[in-house]
Amino acid sequence: MVKIVLSGTEPSSMNPKAEELANVVIDRVGLNPRKKGSTDKMYRTLIELYERAKKAAQNKKPEEAVMTVEEMGAFAGITRQTMYDYLKRWTELDLIVKTSYIYEGKVIIGYKLNGLNLENAFEKSFVKIKNHMEATQKYVKELQKAIKNEKLSQKMKQKD
């Protein structure tokens, strides 16, 4: 599993523009680069994925929703290879899905939002994170029980 880092980033103003909100969302779910000096344009990829999903739905052409890794990297201001590194996080969160289609006799492989729009795609990410936290909560309960049982077991051994 890819490491998911959630942050508490908030918009800096009361009426943030789409660009700032996209960056806040990307940052809050850990999709921004973690290295200092890396791109600060990752949010542009999210906006473009949304725009393409909208256009694909309007034109009833699902292939229009797909972005190649090269295109994603170009929007983020990074190389294709670097974008591949970041894609693991996007797909791990179920925010985007890998897909392919045939164009002019060639198979085009790329990624698209995992939903009809941003909200729908983020609902899937939300469920993924929620399920992870619920599983962790079960482990916490088991841990608490195990600690209690081990202490009881030690007390019983001391009595013998």
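Trainee: Which residue of β2 stands opposite K98?

Mentor: Opposite K98 stands Y111 in β2. Before going on, note that this is a predicted model, in which local features need pLDDT of at least 70 and side-chain atom pairs count only at pLDDT 80 or more, while totals for chains, interfaces and linings use all residues. Residues are numbered from 1 along each chain as its sequence is written, and side-chain values use heavy atoms, with hydrogens and water left out.

Trainee: In what sense do β1 and β2 pair, and over how many bridges?

Mentor: Strands are DSSP runs of E with at least two residues, helices are runs of H or I with at least four, and both are numbered from the N terminus. Two strands pair if DSSP finds at least two bridges between them. Here β1 and β2 pair in the antiparallel sense, over 8 bridges. Another bridge to look at joins Y103 to its partner in β2, K106. In general, the side chains of a regular strand alternate between the two faces of the sheet.

Trainee: What lies between the two strands?

Mentor: β1 and β2 form a hairpin with 2 residues between them. E104, in that turn, has a positive phi of about 50 degrees, although E104 is not a glycine.

Trainee: Is E104 buried or exposed?

Mentor: Buried means under 20% relative accessible area, exposed over 50%, and partly exposed in between, using a 1.4 Å probe and protein chains only. E104 has a relative accessible area of 66%, so it is exposed.

Trainee: Where is K60, and what is its phi?

Mentor: K60 sits in the loop between α2 and α3, just after α2, with a positive phi of about 55 degrees. K60 is not a glycine either. Its relative accessibility is 71%, which is why K60 counts as exposed.

Trainee: How many residues has α2, and how does its span compare with the expected one?

Mentor: The expected span of a helix is 1.5 Å times one less than its number of residues. α2 has 18 residues and reaches 26 Å from first C-alpha to last, close to the 26 Å expected.

Trainee: Which residues of α2 are buried, and what covers them?

Mentor: As background, an α-helix has 3.6 residues a turn, so residues three or four places apart point the same way. The buried residues of α2 include L46, L49, R52, A53 and A56. Contact means heavy atoms within 4.5 Å. The cover includes α1, α3, α4, β1, β2 and α5. R52 counts as buried because its relative accessibility is 16%. Leaving aside residues up to four places away in sequence, R52 touches E64, A65, V66, M67, E71 and F75.

Trainee: At what angle do α1 and α2 pack?

Mentor: Axes are lines fitted to C-alpha atoms, for helices over the stretch in contact, and angles run from 0 to 180 degrees between N-to-C directions. α1 and α2 pack at about 105 degrees, with axes 8 Å apart. Angles under 35 degrees count as roughly parallel, over 145 as roughly antiparallel, 65 to 115 as roughly perpendicular and the rest as oblique. The two helices α1 and α2 are therefore roughly perpendicular. Among the residues making this contact are A22 and I26 of α1 and Y43 and L46 of α2.

Trainee: Which residues does S125 touch?

Mentor: S125 lies in α5 and is buried, because its relative accessible area is 3%. Not counting residues up to four places away in sequence, S125 touches L93, D94 and L95.
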